[in-house]
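User: Hi! I've got a new model open and would like to talk through it with you. Could you help me get my bearings?

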Amino acid sequence: MSPIPPTGLSFTSGQVKRELERLNQRKSAGPDGISPRVLRNSSRQLCGILQHLFNQSLHLQRIPVLWKTSCLVPVPKKTHPVAPSDYRPIALTSHIMKVMERLDPLQFAYQPKVGVDDAVIYLLQRAYSSLDRLNTTVRVMFFDFSSAFNTIQPRLLRAKLEKMQMDAPLVLDRGYLTGRPQFVIEPHHM
């Protein structure tokens with residue numbers, strides 16, 4: 001049995017199995033070379049193993065480098081591309097990491113039937129629940145991270161959030177935002 005991570009978040013093999021079974025088999029394999037078809041068809045055999053790995057990752061607050069690696073595939077925007085701006089980059093990432101991200105109950109992005117409204121409702125519910133107790137205050141911060149993950153310094157942001165006594169699950173994992181290898185597949189010219 002895995003220890004409960006410091007965040008209090010842990011996953012069951014049933015949760016992992018359900019997410020593995022939801023994978024789109026038609027998607028391309030990620031940089032780890034593991035096809036979503038293999039993961040989906042082997043969900044019964046892999047769910048316990050991945051549950052252990054996910055819970056260990058949360059407990060150690062570390063993400064394996066291969067799960068964070070991105071393979072950038074330039075997809076032509078035009079029939080006959082000639083310049084780099086004629087391509088749109090598509091990032092292929094590990095389907096194992098996608099499964100783990102989907103298990104996070106605070107993951108509001110890229111979830112079916114979940115969006116910004118759900119995130120706002122969750123935030124308001126947490127704030128109102130806190131304010132219902134006597135002598136409490138609520139601090140709310142909003143960040144616009146659009147394109148910021150290329151420029152922010154995760155170590156500094158994490159230190160500032162911890163200094164502000166943010167809840168542990170909300171503090172960015174120093175391992176997830178750093179050491180994110182990327183490589184590009186050369187586009188094929190016709």
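User: Which helix is His95 found in?
Analyst: His95 is found in helix α5. Helices here are DSSP runs of H or I with at least four residues, strands are runs of E with at least two, and both are numbered from the N terminus. Please keep in mind that this is a predicted model, where local features need pLDDT of at least 70, side-chain atom pairs count only at pLDDT 80 or more, and totals for chains, interfaces and linings use all residues. Residues are numbered from 1 along each chain as its sequence is written, and side-chain values use heavy atoms, with hydrogens and water left out.

User: Got it. Is His95 buried or exposed?
Analyst: His95 is buried, at a relative accessible area of 5%. Buried means under 20% relative accessible area, exposed over 50%, and partly exposed in between, with a 1.4 Å probe and protein chains only.

User: What is His95 in contact with?
Analyst: Leaving aside neighbours within four places in sequence, the contacts of His95 are Leu23, Lys27, Ser28, Ala29, Gly30, Ile34, Pro36 and Leu39. Contact means heavy atoms within 4.5 Å.

User: How far apart are Arg102 and Glu19?
Analyst: They are 83 residues apart in sequence, and 7.4 Å apart in space from C-alpha to C-alpha. Glu19 lies in helix α1 and is buried, with a relative accessible area of 10%. Beyond its neighbours within four places in sequence, Glu19 contacts Val99, Arg102 and Leu103.

User: Switching to the core: which residues touch the most other members of the largest nonpolar core?
Analyst: That core has 16 residues, and Phe11, Val16, Leu20, Phe54, Trp67 and Met100 touch the most other members. α1 (13-21), α3 (43-60) and α5 (95-103) each supply at least two of its residues, and α5 gives the most, with five. A nonpolar core is a set of buried Ala, Val, Leu, Ile, Met, Phe, Trp, Tyr and Cys residues joined through side-chain atoms within 4.5 Å.

User: And what does Phe54 contact?
Analyst: Setting aside neighbours within four places in sequence, Phe54 is in contact with Phe11, Val16, Trp67, Ile96, Val99, Met100 and Leu103.

User: At what angle do α1 and α3 pack?
Analyst: About 120°, with their axes 8 Å apart. Axes are lines fitted to C-alpha atoms, for helices over the stretch in contact, and angles run from 0 to 180 degrees between N-to-C directions. The two helices are therefore oblique to each other: angles under 35 degrees count as roughly parallel, over 145 as roughly antiparallel, 65 to 115 as roughly perpendicular, and the rest as oblique.

User: Which residues meet there?
Analyst: Ser13, Val16, Lys17, Leu20 and Glu21 of α1 meet Ser43, Arg44, Leu46, Cys47, Gly48, Leu50, Gln51 and Phe54 of α3.

User: Last one, for the whole chain: how many helices and strands are there?
Analyst: The protein chain has eight helices and three strands, running α-α-α-α-β-β-α-α-α-α-β from the N terminus. Of its 190 residues, 26% are buried. Among contacts between residues at least 6 apart in sequence, 63% join residues at least 24 apart.
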